[in-house]
Amino acid sequence: MKILSIETSCDETAVSVIEASNDHTHPAYTILGDALYSQATLHAKYGGVYPTLAKREHQKNLVPLTINSLTSATLYTKAAPTMINHSRLEKGVENVREEEFKKDILDFLKTIQKPDIDLIAVTHGPGLEPALWTGVSFAHALSHAWNIPLTGINHMEGHITAALVRKNKTTDKNLKAITYTISPVALPILSLLISGGHTELVLMKEWFKYELVGRTRDDAVGEAFDKVARLLGLPYPGGPEVSRLAQLARDKGTVHDITLPRPMIHENSCDFSFSGLKTAVLYTLKDKKELSENEKVNMAQEFEDAVRDVLVTKTKRALEFHHPKTLVVGGGVSANTHIRKGLETLIDESFPDTSLHYPEHGLTGDNAVMIATAAYVREIHNATVTSEKLEAHGSLSLVQ
Ligand code: KG4
Ligand code: ZN
């Protein structure tokens, strides 16, 4: 089956097409098209994502990215005018509110024959609601005009399933020649989800039935990385920058005397708190006019150590309480090697029977392939939910 997927929950606009195997005992797919535009540099001057700008950029980029993805999948075939069902097209864009966006979609739909796609999957939450609606109403328009079923995917489920994907080794650089397999995993699965908007531990005892085990009571961990980066004068998104400085400090072997708190580390719950950690960085730096390079790298190191200590301790507690067979780490912050190492050590030393899964490079941050992956994993488990009335929900939760 071929799945077209759309992701617009935050500041990445992405459209992908995968071709998935029908042999559900050996789930695998190839990526036929993968077009992604990151707005990060546009938002950098605001120090974070600016919702109105994000929405406008999604509207501008969805059509070109879809054309790009379908073209690379060789599914973009020019339409003969007689083939176009105008009433379907007009009806398809009924729920698109902005006139210019509606016109772009109509113009696009008039140029193309219905592509050979079996399912359209779109992120319908959580995220910035205006940004999500852009993707959802675009997906509705395509689904309606082409008469292809539409399914809404929870962005966090995308991050979870992305961790189960393994790229098969090949020397061929051609995207379509690379197969990706879905690792067989045993339930229960505990997922540590760490991103710009989320920090939570969720347990899945049955496929797609989630229980909340722990969550942040204030800032998400990625948000804390981004805020600390700002305090250190580093650009947005700050996570990779803070991590780079922290590694410099480790490489240099510098000794520092900064001690940041490890919030809630001794509390007997799996909840997190990161706003106090960010405030502690602010207070430590407050009387300093200009930071030396050494002060910056030392602060980055201590901050990253504090975050790792908290994440590892809380995950350990959740593993002790719930005894999952699988631990999945997902979300943008899962790219962090220092945090990965901390979790690997925890599993190696204390939970050798639990299998640990991370997303591969390129699948940690927001992308559309993870949305197609989640749709496919649902297909494998007969858990696809299609809807003609799909809505976007900014605070959509995995726990229903
Ligand atoms: O999942 P994601 O791409 O978007 C959301 O759904 O929020 O996560 C983005 C977050 C940002 O806060 C970014 O700074 C952080 O992930 N991030 C990192 C690293 N790479 C990205 N944080 C720490 N270390 C990294 N290497
Ligand atoms: Zn994300």
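Q: Which of the residues around ligand 1 come nearest?
A: Among the 19 residues around ligand 1, those that come nearest are His 159, Gly 196, Asp 226, Gly 239 and Gly 332, where a residue is near a molecule or strand if one of its heavy atoms lies within 4 Å of it. This is a predicted model, in which local features need pLDDT of at least 70, side-chain atom pairs count only at pLDDT 80 or more, and totals for chains, interfaces and linings use all residues. Residues are numbered from 1 along each chain as its sequence is written, chains are lettered from A and ligands numbered from 1 in the order in which they are written, and side-chain values use heavy atoms, with hydrogens and water left out.

Q: And how do the residues of that shell divide by type?
A: The shell around ligand 1 has five nonpolar, twelve polar and two charged residues. Here Ala, Val, Leu, Ile, Met, Phe, Trp, Tyr, Cys and Pro count as nonpolar, Asp, Glu, Lys and Arg as charged, and the others, Gly among them, as polar. At least three residues of the shell come from each of domain 1 (2-163 + 363-380) and domain 2 (189-357), with bounds taken from an automatic or database domain assignment.

Q: What lies 2.9 Å from an oxygen atom of ligand 1?
A: That is a backbone N or O atom of Gly 332. A polar backbone atom of Gly 222 is 3.1 Å from an oxygen atom of ligand 1, and a polar side-chain atom of Asp 366 also lies 3.1 Å from an oxygen atom of the ligand. A polar contact is a pair of N or O atoms within 3.5 Å; within protein, one must be able to donate a hydrogen and the other to accept it, and residues adjacent in sequence count only if both atoms are side-chain atoms.

Q: How much of ligand 1 does the protein bury?
A: The ligand taken alone exposes 550 Å², and the protein buries 87% of that; accessible areas come from the Shrake-Rupley method with a 1.4 Å probe, and for residues only the protein chains shown count as cover. Helix H6 (155-162), helix H7 (221-231) and helix H8 (238-252) are the elements that give two or more residues to the shell. Helices (H or I, at least four residues) and strands (E, at least two) are DSSP runs, numbered from the N terminus.

Q: Okay, the metal next: what coordinates the zinc ion (ligand 2)?
A: The zinc ion (ligand 2) is held at 2.0 to 2.1 Å by His 155 (NE2), His 159 (NE2) and Asp 366 (OD), and the spacing of these donors along the chain is H-x3-H-x206-D. His 159 in helix H6 and Asp 366 in the loop between strand S12 (355-357) and helix H12 (369-380) are 207 residues apart, a pair that links distant parts of the chain. Donors are N, O and S atoms within 2.8 Å of the metal (3.2 Å for Na, K and Ca), and water is not among the atoms, so sites may look incomplete.

Q: Why does His 159 count as buried?
A: His 159 counts as buried because its relative accessibility is 2%, where buried means under 20% relative accessible area, exposed over 50%, and partly exposed in between (1.4 Å probe, protein chains only). Asp 366 is buried too, at 17%.

Q: How many residues of H6 are buried?
A: Eight of its eight residues are buried, including His 155, Glu 157 and Thr 161. The N-terminal end of H6 is capped by Asn 154, with a side-chain oxygen 2.8 Å from the backbone nitrogen of Met 156.

Q: Which residue does a cis peptide bond join to Gly 125?
A: That residue is Pro 126, with omega at about -15°, and Pro 126 lies in the loop between strand S4 (119-125) and helix H5 (129-146). The peptide bond from Leu 187 to Pro 188 is cis as well, with omega near -5°.

Q: Last one: is Thr 74 buried or exposed?
A: Thr 74 counts as exposed, at 62% relative accessibility, and its phi is near 50°, a positive value in a residue other than glycine. Met 264 likewise has a positive phi, of about 65°, although Met 264 is not a glycine, but Met 264 counts as buried at 16%.
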